[in-house]
Amino acid sequence: GAQAQVNVGENIQLKFHGYVAHEVIFDTYRSLDSRDGELYYYPLKAVFDDNGVDINKKSKLNMIEVQSRFGMQVKGPDVLGAKATGLLEADFYGTNQSYVRMLRVRHAYVNLNWGKHELLAGSTFHPAFVQDCFPSTVSFAAGVPFHPLNRSPQLRYTFRPVPNFKVSASFLIHGYHRSSGPTEAQKNSGKPDSQLNVQFGDGKNVAIGLVAGYKWLTPRDVTNSGLETSETIGSYNVQAYLKYKLPFLSVKLEGMYGENLTNFVMIGGYGIKGVAGEVDENGDYSYANMRTMSAWADFETSTKLQLGLFAGYTSNLGSKDDYIVIP
């Protein structure tokens, strides 16, 4: 790792940072993963051949450096009475498996801070990825698929009326962390992913909060008959979290429930509503969401040699409506 600081003029300060990461990964069972195994989801279901041998029981070895990154923090002159800062950071993770080892933007935003009021514009972590409370796993995925992982372009307003309390409202357009289905579905809806976060505590030692949000998807512009359609499906997410730091131990807990959480790299999705897919005379149809719940706990010691334990549970709860998988 490396850091360096440069003063550019009287009111501008640049701080560079970055590191090189080399990892050796050995897996004893074939799994669902991405980025050549760096982003790990879960083991695949057993598949037996005619001799009763599980063909997924195979070892895999890899060496990767895609975590390596570099970035620049900017501290600029005051803007409209607010302290102005920014962050630009990139790595070699790629936006999906097809582009692994290619340069990718992690963060790119500016932030204006008036003390009690704060405005952020740019791409950074989704509000559901609570930066004051996320798993401290060795794995780069930070608890996926039990914990949400998402960075998106956004506008975020934060209000801190009193110490140890803040509320923020965010409006996002999904970037490379999209819902399953057509890639432009959220943009085509014409509506942003809207999120509200309420948090108590200083964030460093104590954080208790609630995140709730709603998003819209418009998967198609035309029907099977070639006619215009604006059929849209909405879905919500709700989560509660807790972090409490003792002198010797840090405890983090989180629970989440929602519909079509696939934009968070979690299980779920949506399909065509109806037992056999209810298509009208124009070749149009509506959609049904799949519901997902997830809960996790993370414990980490504050000793020089840190010991940690992470455990999570998630379940696809199906849909309240009949549906078929979108072909």
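**Exercises: pockets, cores and one glycine**

About 600 Å³ of space lies in the second largest pocket of this predicted model.

**Exercise 1.** Work out which strands line the second largest pocket, and which of them gives the most.

*Solution.* 
- Step 1: start from the middle. The lining has 21 residues, and those nearest the pocket's centre are Glu-118, Leu-120, Gln-131, Arg-156 and Lys-166.
- Step 2: go to the elements. Two or more lining residues come from each of S9, strand S10 (117-125), strand S11 (151-159), strand S12 (165-172) and strand S13 (193-200).
- Step 3: pick the top giver. That's S10, with four residues.
- Step 4: sort by class. You get seven nonpolar, nine polar and five charged residues in this lining.

**Exercise 2.** Now do the largest pocket: find its volume, its lining and the class make-up of that lining.

*Solution.* 
- Step 1: the volume comes out at about 800 Å³.
- Step 2: count the lining. There are 42 residues, with Leu-39, Tyr-41, Leu-149, His-177 and Val-265 lying nearest the centre.
- Step 3: Strand S4 (31-34), strand S5 (39-43) and strand S9 (104-113) are the ones that give two or more residues, and S5 gives the most, with three.
- Step 4: split by class, and the lining divides into 20 nonpolar, 16 polar and six charged residues.

**Exercise 3.** Find the residues that touch the most other members of the largest nonpolar core, then trace the contacts of Val-144.

*Solution.* 
- Step 1: zoom in on Val-144. Skip its neighbours within four places in sequence, and Val-144 is in contact with Tyr-40, Tyr-41, Leu-149 and Val-265.
- Step 2: look elsewhere. Another core, of seven residues, lies apart from this one and includes Ile-233, Tyr-270, Tyr-285 and Tyr-287.
- Step 3: a bit of background. In soluble globular proteins, nonpolar side chains tend to be buried together.

**Exercise 4.** Is Gly-274 buried or exposed, and what does it touch?

*Solution.* 
- Step 1: locate Gly-274 in the loop between strand S17 (269-273) and strand S18 (287-301).
- Step 2: check accessibility. Gly-274 is at 3% relative accessibility, so it counts as buried, given the cut-off of under 20%.
- Step 3: list the partners. Leaving out residues up to four places away in sequence, Gly-274 touches Asp-322, Tyr-323 and Ile-324.
- Step 4: Gly-274 and Ala-82 are 192 residues apart along the chain, and 53 Å separates their C-alpha atoms.

Conventions. Residues are numbered from 1 along each chain as its sequence is written. This is a predicted model: local features need pLDDT of at least 70, side-chain atom pairs count only at pLDDT 80 or more; totals for chains, interfaces and linings use all residues. Side-chain values use heavy atoms; hydrogens and water are left out. A nonpolar core is a set of buried Ala, Val, Leu, Ile, Met, Phe, Trp, Tyr and Cys residues joined through side-chain atoms within 4.5 Å. Buried means under 20% relative accessible area, exposed over 50%, partly exposed in between (1.4 Å probe, protein chains only). Contact means heavy atoms within 4.5 Å. On a 1 Å grid over the protein atoms alone, a cavity is a set of points where a 1.4 Å probe fits but cannot get out, and a pocket is an open set with protein on both sides within 12 Å along at least five of seven lines; lining residues have an atom within 4 Å of a point. Grid points are joined across faces, edges and corners, and a volume is the space filled by probe spheres set on the points. Ala, Val, Leu, Ile, Met, Phe, Trp, Tyr, Cys and Pro count as nonpolar, Asp, Glu, Lys and Arg as charged, and the others, Gly among them, as polar.
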